[in-house]
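Please consult the sequence and the structure shown here while reading.

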There are 2 protein chains.
Amino acid sequence: MTGMIKRETMGAQLGSLLRAAILSGEFQPGEAVTETALAVRFGVSRGPMREAMRHLMDEGLLVTVPYTGTRVLQLTSADIDDIYSMRICLEIFAFEQIWERRDEAFRTALTQRHAALLEAIDDGDDIRSIDAELDLHGLVYETCGNSILLSSWSGIRARLQLYWAAHHRAHGITGPKRESHDDYVRLALGDSRERMKDEIRDHMSRGLDKTMAFVSSVEGQKAGSNRRKK
Amino acid sequence: MTGMIKRETMGAQLGSLLRAAILSGEFQPGEAVTETALAVRFGVSRGPMREAMRHLMDEGLLVTVPYTGTRVLQLTSADIDDIYSMRICLEIFAFEQIWERRDEAFRTALTQRHAALLEAIDDGDDIRSIDAELDLHGLVYETCGNSILLSSWSGIRARLQLYWAAHHRAHGITGPKRESHDDYVRLALGDSRERMKDEIRDHMSRGLDKTMAFVSSVEGQKAGSNRRKK
DNA sequence: ATGATGTAGATTGTCTACAATCACCGAGGG
DNA sequence: CCCTCGGTGATTGTAGACAATCTACATCAT
């Protein structure tokens, strides 16, 4: 059954669905997910489900141990630190690459994504705000057209989105502030590479501080959380 | 049959075998590879074979189009350029991260890998020389302990290894020169971050020049090479 | 009581058969 | 001569059943 979906392989679509389910909080970080359960959940067989899970594993959202089980990624404070330092490195690199090639298309796309972020914030939709913020930052990576850079960003983006979403749900903390990206957008459209690079460093530093305060409080349960059997 | 291998899933082992087969030249860049053919080649079923191929796809060595086929990655000059600029960015970043934490273990490992490279060069073993050179560069990434950085390096490494191996086979060009990494190792163990960063830029620039000269001569057949059916 | 040990359940890994999709090629009509 | 259209083969996608392995719990001996 379920043979009416077209133009894309089932595994890929399942990957998107599963990713959305994880990011929406249906499965929490550290929670175990089984192939069979997900297969019946989405009404498909284990084959495509496995394919989708493999995709999310490579993206970093799922972690599996052979013959034992699969669970949703649970980040440590060290992981968060690694992610943010990588973000600084890659985003500066990306802006260096495209700086001289910024055209009208780039400018309009950036302002559009910024507007989408503001709209999501105004609507009070946290999940959409997170998505919009990451889309905004993603533009420079996409503009580069460097496939390796883009896949690196995908891994970073997935981990950040997972963590933020869980963070917000668990603690009721609001999403990004309305003015949080004004400087970022302004300088990205401006004329000074160095000021943009400084802004990236500042931006990430603020984000890291905001993030680290929480993760350290729930540390120490990365490997041994097995409650909630059913 | 073939049920006596232990401690690691078949798909992972098959991935290593297939990677080795590709890098050894059994399958050339742009050549089509089919699941069934590889499955009988390695004496397993399509399931594990698929798993292994999926792994190599994420690594970047294989490219697949749904319902149609899978072929070995064929790099364009733009890809090579992207790879080398990423290498500069990431390797400088990696050295910045570990610079103050370089300990005795790092120093001995670096000299050991350099010695291994020299031995491979002296033996005239091109494949092993390439592997040793990439292992040498890989140490700094491994020392960082940053999982995202490491996976980015894996993608770069796989693509470079594939390209160099095919390059050398097709044109009989020798591997890395014996003295090519003397400065790199010396400065990596030295005291000046800035000189090391300059060395990385120079090192990559030389590598890119050596590489680009060839790839541009065979451009223009990325999408349409379908000969050699059997 | 404590430790080792065997046993049961669950989960992933693997295999075989079948279906959906696509590229190629040749025939027929314009 | 060129374009359209259908057939044919190949390749990947999907399904369900079976085997290998791991974790946890109960049992038994010390």
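## Basis of the model

The model is predicted: local features need pLDDT of at least 70, side-chain atom pairs count only at pLDDT 80 or more, and totals for chains, interfaces and linings use all residues. Residues are numbered from 1 along each chain as its sequence is written, chains are lettered from A and ligands numbered from 1 in the order in which they are written, and side-chain values use heavy atoms, with hydrogens and water left out.

## Surface near DNA strand C

DNA strand C is surrounded by 19 residues, of which Arg46(A), Arg50(A), Met10(B), Ser45(B) and Pro48(B) are the closest; a residue is near a strand if one of its heavy atoms lies within 4 Å of it. By class, this surface holds 6 nonpolar, 9 polar and 4 charged residues (Ala, Val, Leu, Ile, Met, Phe, Trp, Tyr, Cys and Pro count as nonpolar, Asp, Glu, Lys and Arg as charged, and the others, Gly among them, as polar). At least two residues each come from helix H3 (46-59) and strand E3 (69-72) of chain A and from helix H1 (10-23) of chain B; helices (H or I, at least four residues) and strands (E, at least two) are DSSP runs, numbered from the N terminus.

Sugar or phosphate accounts for 75% of the atoms of DNA strand C within 4 Å of the protein, and bases for the rest. Sugar or linking oxygens of DNA strand C lie 3.4 Å from a backbone N or O atom of Tyr67(A) and 3.2 Å from a side-chain N or O atom of Thr68(B).

## Helices H1 and H3 of chain A

Helix H1 (residues 10-23) of chain A packs against H3(A) at about 60 degrees, with the axes 8 Å apart. Axes are lines fitted to C-alpha atoms, for helices over the stretch in contact, and angles run from 0 to 180 degrees between N-to-C directions. H1(A) and H3(A) are therefore oblique to each other (under 35 degrees is roughly parallel, over 145 roughly antiparallel, 65 to 115 roughly perpendicular and the rest oblique).

## Helix H7 of chains A and B

The axes of helix H7 (residues 147-171) of chain A and helix H7 (residues 147-171) of chain B come within 10 Å and cross at roughly 155 degrees. H7(A) is therefore roughly antiparallel to H7(B). Contact (heavy atoms within 4.5 Å) involves Ser147, Ile148, Ser152, Ile156 and Arg159 of both chain A and chain B.

How values were computed: Polar contact = N/O pair within 3.5 Å; in protein donor to acceptor, adjacent residues only side chain to side chain.
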